[in-house]
Amino acid sequence: MKIIEKSVEFEWNKGNIDKNMKHGVADKESEEIFGSKKKFFTKDEKHSLKEERYMIWGKSKEDRKLTVFFTLRNKKVRIISARDMNRKERNTYEKKIQSHT
C-alpha cells in the first residue's frame with residue numbers, strides 16, 4: 001500500500017509534539033519508522049472518521065519495533081500516536097517480513 005512519497009515531511013506543533021513520551025517514544029524515533037526498510041502500512045478504518053488515518057509498523061534505528069498512527073495534512077505526516085508493538089502486532093509484523101523476503 002503506497003500512502004506516502006519517498007521524501008517525508010512531518011508536522012509537529014503543540015498538539016502533538018512530545019505527546020508520545022508517555023509511551024517512551026521520542027518524536028525523532030517515531031519519524032525513523034517511515035525510513036525503515038521493512039515497514040507496512042494499513043488504513044486505520046476504525047479511527048478514520050473526520051480524516052483518513054493510517055498505521056505503520058516498522059523498526060527504529062535502535063531496532064525497536066513501533067506502531068505509529070498518523071494522518072496526512074497538506075502532504076505532511078502528522079503523527080497521532082507512537083508506541084511499542086504489542087505481542088500480536090510483533091507476531092504479525094514478523095510473519096509479513098518473512099513472506100516479503
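The structure is a predicted model, in which local features need pLDDT of at least 70 and side-chain atom pairs count only at pLDDT 80 or more, while totals for chains, interfaces and linings use all residues. Residues are numbered from 1 along each chain as its sequence is written, and side-chain values use heavy atoms, with hydrogens and water left out.

**Overall build**

- The protein has two helices and four strands, where helices (H or I, at least four residues) and strands (E, at least two) are DSSP runs numbered from the N terminus.
- Read from the N terminus on, the elements follow the order α-β-β-β-β-α.
- The radius of gyration of the protein is 13 Å, close to the 13 Å that the globule rule gives for 101 residues, so the protein is as compact as a globular protein of that length; this radius is taken over C-alpha atoms, and the rule is 2.2 Å times the number of residues to the power 0.38.
- Along its principal axes, the C-alpha trace of the protein spans about 35 × 25 × 25 Å.

**Burial and contacts across the protein**

- Of the 101 residues in the protein, 41% are buried, where buried means under 20% relative accessible area, exposed over 50%, and partly exposed in between (1.4 Å probe, protein chains only).
- Among the contacts in the protein with a separation of 6 or more, 50% are between residues 24 or more positions apart, a contact being heavy atoms within 4.5 Å.

**Arg78**

- Arg78 lies in strand E4, which covers residues 76-84, and this residue counts as buried because its relative accessibility is 11%.
- The side chain of Arg78 makes a polar contact with the side chain of Asn13 at 3.3 Å; such a contact is a pair of N or O atoms within 3.5 Å, and within protein one must be able to donate a hydrogen and the other to accept it, while residues adjacent in sequence count only if both atoms are side-chain atoms.
- Leaving out residues up to four places away in sequence, Arg78 touches Glu11, Asn13, Gly15, Asn16, Phe69, Phe70, Thr71 and Arg73.

**Ile80**

- Ile80 is also found in strand E4, and Ile80 is buried, with a relative accessible area of 16%.
- Not counting residues up to four places away in sequence, Ile80 touches Lys19, Asn20, Arg53, Phe69, Phe70 and Thr71.
- Ile80 and Met55 are 25 residues apart in sequence, and their C-alpha atoms are 9.8 Å apart in space.
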